Amino acid sequence: MTSIPSAVPAATADTVDAALVGELLGRYLIALDDEELDDAWARSLFTEDAVVTFPMSRHAGCAGLAEWHRASLAAFARTQHLGSPPVVAVDGDRAVFRANVLTTHVHHPGGDRPALFRAGTLTRGAARRTPAGWRMTELSFHVLFTEGEPPSRT
């Protein structure tokens, strides 16, 4: 866990905490496109009681969270998730944040749909300081626009 010396002014400590919380979202988005999503990944970003909400599904708890993400991403050949710098508000050992996220999803070859499905979302979340450092407790994505066709529901 990152420790901030007690002599550091509160405003500076909040700025450091806000950066650490914002980094969680950045690490999350990059991992979706470029890393192996496993239980260690989930625990490095989320609390045990975290809730993640996509526009079409929701998962509660850290257990099974990596598998849930892998299953969601399997609908596509590739993805790219681009996030704006998050706006973070810290209140002691808790924080809330929001950011814009643009996603591009590349469909698997074949079929008659356009190759790409894009979405612009407003992402909101919350985080809590734990003994292991900051972890997200909530993460949700609210669709602002789409382009192309989402994958078929099976």
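**Close-up views of a predicted model**

**View 1. The strands paired with β5.** Within β6, A126 is the bridge partner of V96. The model shown here and in the other views is predicted, so that local features need pLDDT of at least 70 and side-chain atom pairs count only at pLDDT 80 or more, while totals for chains, interfaces and linings use all residues. Residues are numbered from 1 along each chain as its sequence is written, and side-chain values use heavy atoms, with hydrogens and water left out. Strands (E, at least two residues) and helices (H or I, at least four) are DSSP runs numbered from the N terminus, and two strands are taken as paired if DSSP finds at least two bridges between them. β5 and strand β6, which covers residues 116-130, run antiparallel and are joined by 13 bridges. β3 and β5 also run antiparallel, with seven bridges between them, and here H81 has T103 in β5 as its bridge partner.

**View 2. The hairpin of β4 and β5.** Strand β4, residues 87-91, is joined to β5 by five bridges, and the two run antiparallel. V90 stands opposite A95 in β5. Two residues lie between the strands of this hairpin, and in the turn G92 has a positive phi of about 65°.

View 3. With a relative accessible area of 15%, T79 is buried; the term buried stands for under 20% relative accessible area, exposed for over 50% and partly exposed for values in between, with a 1.4 Å probe and protein chains only. Contact is used for heavy atoms within 4.5 Å, and apart from neighbours within four places in sequence, T79 is in contact with L32, D33, L73, T104 and H105. The side chains of T79 and D33 make a polar contact at 2.6 Å. A polar contact is a pair of N or O atoms within 3.5 Å, where within protein one must be able to donate a hydrogen and the other to accept it, and where residues adjacent in sequence count only if both atoms are side-chain atoms.

**View 4. The largest nonpolar core.** A nonpolar core is a set of buried Ala, Val, Leu, Ile, Met, Phe, Trp, Tyr and Cys residues joined through side-chain atoms within 4.5 Å. The largest one holds 30 residues, of which Y28, W41, F46, V52, M136 and L139 touch the most other members. Two or more residues come from each of α1 (10-34), α2 (39-45), β1 (46-54), α3 (65-73), β5 (94-107) and β7 (133-147), and α1 gives the largest share, eight residues. W41 touches Y28, A31, E35, E36, F46, A66 and H69, residues up to four places away in sequence not being counted.

**View 5. The buried face of α3.** In helix α3, the residues L65, A66, W68 and H69 are buried. Seen down the helix axis, the buried residues of α3 fall within an arc of 160°, so they line one face of the helix; the arc is that of the directions from the helix axis to the C-beta atoms.

**View 6. Aromatic rings around Y28.** Rings of Phe, Tyr and Trp (its six-membered ring) pair if their centres lie within 6.5 Å, and planes under 30 degrees apart count as stacked, over 60 as edge-to-face and the rest as tilted. Six aromatic pairs are found in a search of the whole structure. One of them, Y28 and F46, is edge-to-face, at 5.9 Å centre to centre with 85° between the planes. Since Y28 lies in helix α1 and F46 in strand β1, this pair ties together parts that are 18 residues apart in sequence. Y28 counts as buried at 0% relative accessibility, and F46 is buried as well, with a relative accessible area of 2%. The ring centres of Y28 and F141 lie 6.2 Å apart with the planes at 25°, so this pair is stacked. F141 lies in strand β7 and Y28 in helix α1, so the pair ties together parts that are 113 residues apart in sequence. One aromatic cluster is formed by Y28, W41, F46, F54, W68 and F141.
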